[in-house]
Amino acid sequence: MTTSFLQFTEEKLGQAEKTELDAHFENLLARADSTKNWTEKILRQTEVLLQPNPSARVEEFLYEKLDRKVPSRVTNGELLAQYMTEAANDFGPGTPYGKTLIKVGETQRRLGAAERDFIHSASINFLTPLRNFLEGDWRTISKERRILQNCRLDLDACKARLKKAKAAEAKAAAVPDFQETRPRNYILSASASALWSDEVEKAEHELRLTQTEFDRQAEVTRLLLEGISSTHVNHLRCLHEFVESQTNYYAQCYQYMLDLQKQLGRFSGTFVGNAESTSPPPAATSPPAVGAATLPAVPTIPVVPTIVGVPNTVAESVLNPNEVKPPASGTRKARVLYDYEAADSSELALLADEMITVYSLPGMDPDWLIGERGNQKGKVPVTYLELLS
């Protein structure tokens, strides 16, 4: 160890030569280091994505290190659902506000459960393989690299020792001055030459041993470094599984919100004429479908404001799809994205992937269109359609 440390110090000071590895080996080392660094960064940021609370992350880390089961934690959506349900019970579950709180709370509960499933799936299929690489394969690679480094230092130290021994042997074997009056100097010179010759043989023997050990360790390390390619393949598969889990999670969230929007759309009519409500709530909004902004609109007809107890004949006649004819221009084809169950006779039930004709009518809610399929006609929600050019 002392010899290796001395060799390392002299290399840093530029006083000793260093055995260089071949270019292919150096590329393998650089690739392995890059893999380790980026895996650590991706792992940490994915943990932040799944659990933004740093205190919760530290708690989960401690439980894992202690090899104890991480306690189940309520998601933010589930906690919000609990508060909404309790508020509805306090305000009255039969009131318009209470009913809406219950509906929204149930959706938040479903969103929270979907989030929990996504976090669990991502942890098992993505985070765990990354951790296993860093705590398993990478530690093995690092250990073998340290051994290789020590073998190289020993090898270079042996090379330096042999070089010095050969230089001393050559100096001792130099032809002595035979005109010297004291032949004793010649005898001492010959004895020193024999000693250095033995030292050279020992140094050569040690060099052969260290070279063999270095070559063996270099081969072991090289095989481990080449295994990084298999690591990339494994992480690629895990990445696909992570994306699949995330896609399913967001698809669930989107469908839950569409269902909630549909329920609130049906429920909004109960506010009209309600004695407890002083003003109608704002209309529910939904993200427009692709191409909805470019749908040609029929010139609108002013709608007379509704007065409680007085029928609005203009709005009733305009919004009754069975009593209107499609405009001469402005109709478009649309592809149905999801199945839709009609809430009443004024709506048109839809099947995913079918093609229908749609158009707008004056005075209609912008979130709805009139859809036609053969002789069938009725209102359809825009969010369930992909409008085609």
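**Aromatic pairs in a predicted model**

Modeller: Tyr340 and Tyr384 are both buried, meaning under 20% relative accessible area with a 1.4 Å probe, protein chains only (over 50% is exposed, in between is partly exposed). Keep in mind this is a predicted model, where local features need pLDDT of at least 70, side-chain atom pairs count only at pLDDT 80 or more, and totals for chains, interfaces and linings use all residues. Residues are numbered from 1 along each chain as its sequence is written, and side-chain values use heavy atoms, leaving out hydrogens and water.

Colleague: OK, how many aromatic pairs does the structure hold?

Modeller: Ten. Rings of Phe, Tyr and Trp (its six-membered ring) pair if their centres lie within 6.5 Å; planes under 30 degrees apart are stacked, over 60 edge-to-face, the rest tilted.

Colleague: Phe118 and Tyr249: stacked or edge-to-face?

Modeller: Stacked, at 5.0 Å centre to centre with 5° between the planes. Phe118 is in helix α5 (residues 96-172) and Tyr249 in helix α7 (residues 228-267), 131 residues apart. Helices here are DSSP runs of H or I, at least four residues, numbered from the N terminus.

Colleague: Is Phe118 buried or exposed?

Modeller: Buried, because its relative accessibility is 6%. Tyr249 is buried too, at 14%.

Colleague: And why is the Tyr340 and Tyr384 pair edge-to-face?

Modeller: Because their planes sit at 65°, with the ring centres 5.0 Å apart.

Colleague: Switching topic, which residue lies over the face of Trp38?

Modeller: Lys41, at 4.5 Å from the ring centre. The cut-off is NZ of Lys or CZ of Arg within 6 Å of the ring centre and within 35 degrees of the ring normal. Lys379 lies over the face of Trp368, at 5.6 Å.

Note on methods
Helices (H or I, at least four residues) and strands (E, at least two) are DSSP runs, numbered from the N terminus.
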